[in-house]
Amino acid sequence: DKPAGLIYDEFDEENQVIARFPIPPNWQRYVGHDFGGVNPAALFYAQDPVSGYLYLYRGLKTKGKDAIEQVKELKELSQNERILRRVGGSHTEDGWRQAYSNAGWKIFEPRVRGVEPQIDKVYGLKKQGKLFVFDDMYDYLDENSTFSRALDDRYESTDKIEDEARFHYMACERYVISDLLLLNPIEDTGDNDGYPEQQFY
């Protein structure tokens, strides 16, 4: 049974949680970041160029490491991967983005602002069955299955997210996916490592 108030209640674990497979090297990748001095996190997504579907294949939490140490680990994990865009943080977290950029890992501010508009984008993608998760992404799957609204005295959902601060992967996800799932093609900013502009379908 899914808990009352579950936010991503349309995510179909039976069909959208799949066995890991080798991701073709030509698939483009996207990374979402959640900042913080205690529990920084990152999620890596790959896009099937034919279907446009997204596949979550890697999660990373780098507790106790500064930006330079984190970037070193991120680069080692993603060698030879075509990362088109890295997105993370709220509008007020330019300092964190600059720290990563200075260490050689440029991160963009999400183009969709606000928690609820970002969640709405992710919800739609999951409901349409266009997001798949490898079945060994245990920490992510735990967050996804417990990310819920607080309930009122009548056991009805409120606007408040229950214990929001502990859902670091959910923050990573909404930052990067909301940024990509725009109605118009992603802009070519000139900072995308030479790869062409991309559109999700």
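What share of the contacts in the protein chain between residues at least 6 apart in sequence join residues at least 24 apart? The share is 64%.

## Model and confidence

The structure is a predicted model. Its protein chain has a mean pLDDT of 87, with 90% of the residues at 70 or more. Residues 183-201 have pLDDT below 50, and in the model this stretch makes 38 contacts beyond near neighbours in sequence.

## Fold and surface

The protein chain contains 6 helices and 8 strands. Read from the N terminus, the order of elements is α-β-β-β-β-α-β-α-α-β-α-β-β-α.

Of the 201 residues in the protein chain, 48% are buried. The accessible surface of the chain is about 10300 Å², and carbon and sulfur atoms account for 47% of that area.

## The site of Glu93

Glu93 lies in the loop that links β5 (82-88) to α3 (94-102). Is this residue, Glu93, buried or exposed? Glu93 is buried, and it has no salt bridge. Arg97 is the nearest side chain of opposite charge, at 5.4 Å.

Methods:
Residues are numbered from 1 along each chain as its sequence is written. This is a predicted model: local features need pLDDT of at least 70, side-chain atom pairs count only at pLDDT 80 or more; totals for chains, interfaces and linings use all residues. Side-chain values use heavy atoms; hydrogens and water are left out. pLDDT is the predictor's confidence in each residue, from 0 to 100. Contact means heavy atoms within 4.5 Å. Helices (H or I, at least four residues) and strands (E, at least two) are DSSP runs, numbered from the N terminus. Buried means under 20% relative accessible area, exposed over 50%, partly exposed in between (1.4 Å probe, protein chains only). Accessible areas come from the Shrake-Rupley method with a 1.4 Å probe; for residues, only the protein chains shown count as cover. Lys and Arg count as positive and Asp and Glu as negative; His and the chain ends are not counted. A salt bridge is a side-chain nitrogen of Lys or Arg within 4 Å of a carboxyl oxygen of Asp or Glu.
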